[in-house]
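Work through the exercises below with the sequence and the model open side by side. Try each task before reading its solution.

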Amino acid sequence: MSNRGQAPSSQSGERSPGPQGTRIFSTEALRQYASEMQEGEGGRISVHEPVLEGSSHGIVGRRFVLRPGRHTIGRRIDNEIVVDDLSVSGCHAWITNQQGHCVIMNTLSTNGTFVNDRRIHEVVLRHGDHVRLGQVEFVFLTREHGKRIDASWRWIAGAALLLAVFGALAWWLLGSP
């Protein structure tokens, strides 16, 4: 959907709005709408709104924004992040995003929760961590791929290098007779 924050548009076979503007949507249309709102397509990844990006077959590149608060992950449709895979438990894990830190906690899942191939109960996630729920894998991202240093740090590093070059040049000029 291109219009974020708006309800899905009426398609053929769906009912049109009633006199008060009430619309009735199919369960599938609501799931599609909720999924699109959750994926964070086109949104910027940040430390305050990191994402889980799918890296397993069937979910490669699919992004789930981790807004502040607790998010449940599992196979049941009442989870905030629904993973349709039999190796994932109904309510497999929780991820809590508080004050710029994300903590993942296993909720007694059958096949376990792993971070960087280590079985965990609870751990703080860091950029680039590989998260596996059963056989489904994600990468935890706090910045876009390939962006190691933001623009302000590049500017500071460039200024420091330039200052060092001018300092060496001044020392060489002042030190010679």
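**Exercise 1. A loop residue**

Task: Which residues does Thr142 contact, leaving aside its neighbours within four places in sequence?

Solution. This is a predicted model. Start with the contacts: Thr142 touches Ile45, Ser46, Val47, Pro50 and His127. Thr142 sits in the loop between E11 and helix H2 (151–175). Then check its cover. The cut-off for buried is under 20% relative accessible area. Thr142 has 13% relative accessibility, so it counts as buried. Finally, take a C-alpha distance. Thr142 and Gly128 are 14 residues apart along the chain, and their C-alpha atoms are separated by 8.0 Å.

**Exercise 2. The chain as a whole**

Task: State how many helices and strands the chain has, and give their order.

Solution. Count the elements: two helices and eleven strands. Now read from the N terminus: α-β-β-β-β-β-β-β-β-β-β-β-α. Of the 177 residues, 33% are buried. Turn to contacts between residues at least 6 apart in sequence: 37% of them join residues at least 24 apart. Last, the surface. The accessible surface is about 12,000 Å², and carbon and sulfur atoms account for 56% of that.

**Exercise 3. The nonpolar cores**

Task: Which members of the largest nonpolar core touch the most other members?

Solution. The largest nonpolar core has 21 residues. Leu52, Ile95, Ile104, Leu125, Val131, Leu133 and Phe138 touch the most other members. Strands E5 (93–98), E6 (101–106), E10 (130–133) and E11 (136–141) each supply at least two of its residues. E11 gives the largest share, with three. Another core, of five residues, lies apart from it and includes Ile45, Val51, Val139 and Leu141. In soluble globular proteins, nonpolar side chains tend to be buried together.

Now zoom in on Ile95. Beyond four places in sequence, Ile95 contacts Leu52, Leu66, Gly69, Arg70, His71, Ile73, Cys102, Val103, Ile104 and Leu125.

**Exercise 4. A threonine in a strand**

Task: Where is Thr113 found, and what does its side chain meet in a polar contact?

Solution. Locate the residue: Thr113 belongs to strand E7 (residues 113–115). Its relative accessible area is 0%, so Thr113 is buried. Its side chain makes a polar contact of 2.7 Å with the side chain of Asn106. Not counting residues up to four places away, Thr113 also touches others, including His92, Ala93, Ile104, Arg132 and Leu133.

**Exercise 5. Cysteines**

Task: How many disulfides does the structure hold?

Solution. The count is zero. Cys91 has 23%, so Cys91 is partly exposed.

How values were computed: Residues numbered from 1 in each chain as written. Predicted model: local features only at pLDDT ≥ 70, side-chain atom pairs only at ≥ 80, totals over all residues. Heavy atoms only, no water. Helix = DSSP H or I, 4+ residues; strand = E, 2+ residues; numbered from the N terminus. Buried < 20%, exposed > 50% of the residue type's maximum accessible area, 1.4 Å probe, protein only. Contact = heavy atoms within 4.5 Å. Areas by Shrake-Rupley, 256 points an atom, 1.4 Å probe, with all protein chains shown as cover. Core = buried A, V, L, I, M, F, W, Y, C linked by side-chain atoms within 4.5 Å. Polar contact = N/O pair within 3.5 Å; in protein donor to acceptor, adjacent residues only side chain to side chain. Disulfide = S-S within 2.5 Å.
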